[in-house]
Amino acid sequence: MDSETALELVKNGATLLFLDVPQYTLVAIDTQMFSVGPAFKGVKMIPPGTHFVYYSSSTRDGKEFSPTIGFFIDVGSSEVIVRKWDQQEERLVKVSEEEDERYSHAVRNMEFDRQLGPYNLSHCEDWKRLSNFITKSIIDRLEPIGGEISVECENDMFRNTHKTPMEEALDKKLNIGNSGTSVDKSQRKGCYYTSIPRVVKCKGISGKELTSLNLDKTHLLETLLASNYGGSEDLLLGELQFAFVAFLMGQSLEAFFQWKSLVSLLFGCTEAPFHTRTRLFTKFIKVIHYQLKYGLQKDRKDDTGPPLLDDSWLSTDSFLHHLCKDFFSLMLDGSVVDGDLLKWTRKFKDLLESNLGWEFQQSSAVDGLYFDENDEFAPVVEMLDDEAPAV
């Protein structure tokens, strides 16, 4: 780009000023990653809006890295965010108000311009597709106290739960518990995600009705939308995107479980896509399509960007394969399906088949339904004799 355009972008874009960051530290924003060199002091030309910033401290030789620490920001035009490296804690911390004002003024006077890496605007479209429903209000509602998301600060319950082979691989990949710094248990804190019940429980209804509620999660979806999201479908999708970004880029195990819960909830609805929530499901399929399209990229034109989904996702034993198989069967065999929803369902199916080699043949299980006995998200089915009284 010409110098005038570049100068305009520098002045109008937001800036991250990171002081005293050790060499070889990995610093990233959205889909772009930088390896800190001796002159690096941050990133400029950042478009206004929502972003995810994350970093990982390195050993002196740059060969080993600690678990990622990340945080969401919502920045305005020409805004400057200043952080300083704390050598003892090995993390970025806020500076005093006086320092913040002084450094921000210096940034706007272009004093740090040569030491700031440019935000690559050609990657902006990828980020928008991953975050278009994440707003400042969603960040404020979900982020942990202090704003920092890190697997090292999450509750032990996410480390000790029963895990599928895919989750075990993720656990090992994150190298939990092997970092150079330790976090006191009293400091462990996670995000304020919406609680998604795995099993629907209702008093005063028959066993058959209870089974029906657990086979079709439409009632649970409507209840959660009303009680936790103020009826807003976009807030639910924003939480879905928040969790995916925190998982993929922030390497948060807690975020992975929340993303899995929300995906399982939505794919578990058999009535809503056809009737009350067609628009929601069209948007949902677009969201997860772009999430996996980005996360499952096999090749990159450059070396920047967060770690991608690894081979553990390629297994047809994964929860996602089973959920998608039933959902695709429901959509593609339905007599009346919204045109946009059907189009995006086919695109998503094609993506999984072409990128992962997955096949979605109808299972030979009873009534065409497949349930893995070890799948914690499988619906609860209560078998009743015809003459047995409902409980």
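Predicted model: local features only at pLDDT ≥ 70, side-chain atom pairs only at ≥ 80, totals over all residues.
## Val107 in helix 2

Val107 is buried, because its relative accessibility is 8% (buried means under 20% relative accessible area, exposed over 50%, and partly exposed in between, with a 1.4 Å probe and protein chains only). This valine belongs to helix 2, residues 97–108. Helices here are DSSP runs of H or I with at least four residues, strands are runs of E with at least two, and both are numbered from the N terminus.

Residues are numbered from 1 along each chain as its sequence is written, and side-chain values use heavy atoms, with hydrogens and water left out.

## Strands and their partners

Five of them make an open sheet with mixed pairing, in the order 8-7-1-4-9. Two strands count as paired if DSSP finds at least two bridges between them. Strand 8 (91–94) and strand 9 (117–118) are at the edges with a single partner strand each, so one side of each has no neighbour in the sheet. Strand 4, residues 42–46, runs parallel to strand 9 and is joined to it by two bridges. Lys44 has Pro118 of strand 9 opposite it.

Another pairing involves strand 5 (residues 49–56) and strand 6, which are antiparallel and share seven bridges. Tyr54 has Gly70 in strand 6 as its bridge partner. How many of the seven residues of strand 6 are buried? Six are, so strand 6 (residues 69–75) is largely enclosed by the rest of the structure. As a general point, side chains in a regular strand alternate between the two faces of the sheet.

## Salt bridges

Side chains of opposite charge can pair when their charged atoms come close. The whole structure contains 12 salt bridges, a salt bridge being a side-chain nitrogen of Lys or Arg within 4 Å of a carboxyl oxygen of Asp or Glu. One of them joins Asp140 to Lys136, with 3.0 Å from N to O. These two residues are about one helical turn apart, because they sit four residues from each other in helix 4 (residues 136–142). Asp140 is partly exposed at 46% relative accessibility, and Lys136 is partly exposed at 46% as well.

Which residues are linked in a network of salt bridges? They are Glu222, Glu233, Asp234, Arg277 and Lys283. Within this group, Glu222 and Arg277 meet at 2.9 Å, N to O. Glu222 is in helix 8 (residues 218–228) and Arg277 is in the loop between helix 10 (253–267) and helix 11 (278–295), so their bridge ties together parts that are 55 residues apart in sequence. Glu222 is partly exposed at 25% relative accessibility, whereas Arg277 is buried at 16%. Arg277 also forms a salt bridge with Glu233, where the closest N and O atoms are 2.7 Å apart. This pair links distant parts of the chain, 44 residues apart, with Glu233 placed in helix 9 (residues 233–248). Glu233 is buried too, with a relative accessible area of 15%.

## Two residues with positive phi

Where is Asp30 placed? Asp30 is in the loop between strand 2 (26–29) and strand 3 (32–35). The phi angle of Asp30 is near 55°, which is positive although the residue is not glycine. Asp30 is buried, at 0% relative accessibility.

Gln251 also has a phi near 55°, again a positive value in a residue other than glycine. The loop between helix 9 and helix 10 holds Gln251. Is Gln251 buried or exposed? Gln251 counts as buried, because its relative accessibility is 18%.
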